[in-house]
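Me: I would like to go through this model with you. Could we take it piece by piece?

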Amino acid sequence: MYTLMVADDHPLFREAIGAVIASGLPDSLLLEADSLEGALLKAEEHEEVDLVLLDLGLPDAEGLSGLKQIRERRPDLPVAILSADQDRRTILDALDLGAVGYITKSTPRRDLLAALTRILEGQLYLPPDIMRRPPAEVQRQTPIDEDVRRRLSELTIKQLEVLIRLTHGASNKVIARELDIAETTVKTHVSAILRKLGVTGRVQAILAAGSADLDALLTERHELSR
């Protein structure tokens, strides 16, 4: 049984989340809060909270400030963002601040339950449809930092293929299926990517890739290998 908390100031939305959890995660306890301070107080009363679903538009915490405050006061508390904001930069900033996932409010019920299950199992969740969109930095062709370019150049073609899918929010299972390789092989590639980029996790790898046009880099590597 899980204990979850939804922090959102819209009662109807909290009710909708409650219905999803009741149907897909039976016997779970759902706590509700309509403000950041209310969420923090309930977290103190219920130390067993497994996950907080945090809206970015609370009356006492605008944007990512609520996430920052929770991370400062309760760094042990897993927090996933549940928001209407679909900006790719916001998603990456939230993950960089320690969020364990980012779920958009437009996510279909079935996908929402799958996202919650994945997060509760200890995996990171990113919205694949948004992460597939080219970041604005790439669209403006922002120059890539030379150190980042050098590190990316050290990746093999297969590692670049894996990294591209990581930036899209794909899980190891999905990457394995798309590249027709074993899931254990994906894990090996991910470990190599983290080592070569000098980072400790997937989120950091995505951030390290930053404004790089990975698809163009991959095409370039394929041409050089001919």
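Me: To start, is Asp27 buried or exposed?
Reply: Asp27 counts as exposed because its relative accessibility is 64%. The classes rest on relative accessible area: buried is under 20%, exposed is over 50%, and partly exposed lies in between, with a 1.4 Å probe and protein chains only. Please note that this is a predicted model, in which local features need pLDDT of at least 70 and side-chain atom pairs count only at pLDDT 80 or more, while totals for chains, interfaces and linings use all residues. Residues are numbered from 1 along each chain as its sequence is written, and side-chain values use heavy atoms, with hydrogens and water left out.

Me: Where does Asp27 lie?
Reply: Asp27 is in the loop between H1 and E2. Helices (H or I, at least four residues) and strands (E, at least two) are DSSP runs numbered from the N terminus. The phi of Asp27 is near 75 degrees, a positive value in a residue other than glycine. Most residues other than glycine have a negative phi.

Me: Which other residue has a positive phi although it is not a glycine?
Reply: Asp180 does, with a phi of about 55 degrees. Asp180 sits in the loop between helix H10 (172–179) and H11. Asp180 is exposed, because its relative accessible area is 70%.

Me: Now the sheet. In what order do the strands come?
Reply: The order is E2-E1-E3-E6-E7, five strands in an open sheet with parallel pairing. Two strands pair if DSSP finds at least two bridges between them. Strand E2 (29–33) and strand E7 (101–104) are the edge strands, each pairing on one side only. From one strand to the next, the twist averages 20 degrees.

Me: Which helix packs on the sheet?
Reply: Helix H1 (residues 11–24) does, touching strand E1 (3–7), E2, E3 and E6. Contact here means heavy atoms within 4.5 Å. The direction of H1 makes about 170 degrees with that of E2. Axes are lines fitted to C-alpha atoms, for helices over the stretch in contact, and angles run from 0 to 180 degrees between N-to-C directions.

Me: How many bridges join E3 to E6?
Reply: Three bridges link strand E3 (residues 51–54) and strand E6 (residues 79–83) in the parallel sense. Val52 stands opposite Val79 in E6, and Leu53 is opposite Ala80 in E6. E1 and E3 also run parallel, joined by four bridges; there, Ala7 stands opposite Leu54 in E3.

Me: Which residues of E3 are buried, and on which side?
Reply: Leu51 and Leu53 are buried on one side, and Val52 and Leu54 on the other, so that both faces of E3 are covered. In a regular strand the side chains alternate between the two faces of the sheet.

Me: Changing topic: at what angle do the axes of H2 and H3 cross?
Reply: Helix H2 (residues 36–45) and helix H3 (residues 65–73) cross at roughly 25 degrees, and their axes come within 11 Å. H2 and H3 are therefore roughly parallel to each other. Angles under 35 degrees count as roughly parallel, over 145 as roughly antiparallel, 65 to 115 as roughly perpendicular and the rest as oblique.

Me: Which residues meet there?
Reply: Leu36, Glu37, Leu40 and Glu44 in H2 meet Gly66, Gln69, Ile70 and Arg73 in H3. By class, this contact has three nonpolar, two polar and three charged residues. Ala, Val, Leu, Ile, Met, Phe, Trp, Tyr, Cys and Pro count as nonpolar, Asp, Glu, Lys and Arg as charged, and the others, Gly among them, as polar.

Me: What about H11 and H12, how far apart are their axes?
Reply: The axes of helix H11 (residues 183–197) and helix H12 (residues 202–209) are 10 Å apart, at an angle of about 55 degrees. That makes H11 oblique to H12. Val190, Leu194 and Leu197 in H11 meet Arg202, Ala205 and Ala208 in H12. The contact of H11 with H12 has five nonpolar, no polar and one charged residues.

Me: Last one: how many residues of H9 are buried?
Reply: Eight of the eleven residues of helix H9 (residues 157–167) are buried, so H9 is largely enclosed by the rest of the structure. The buried residues include Leu160, Val162 and Ile164. H9 is followed by Gly169, whose phi is positive, near 85 degrees.
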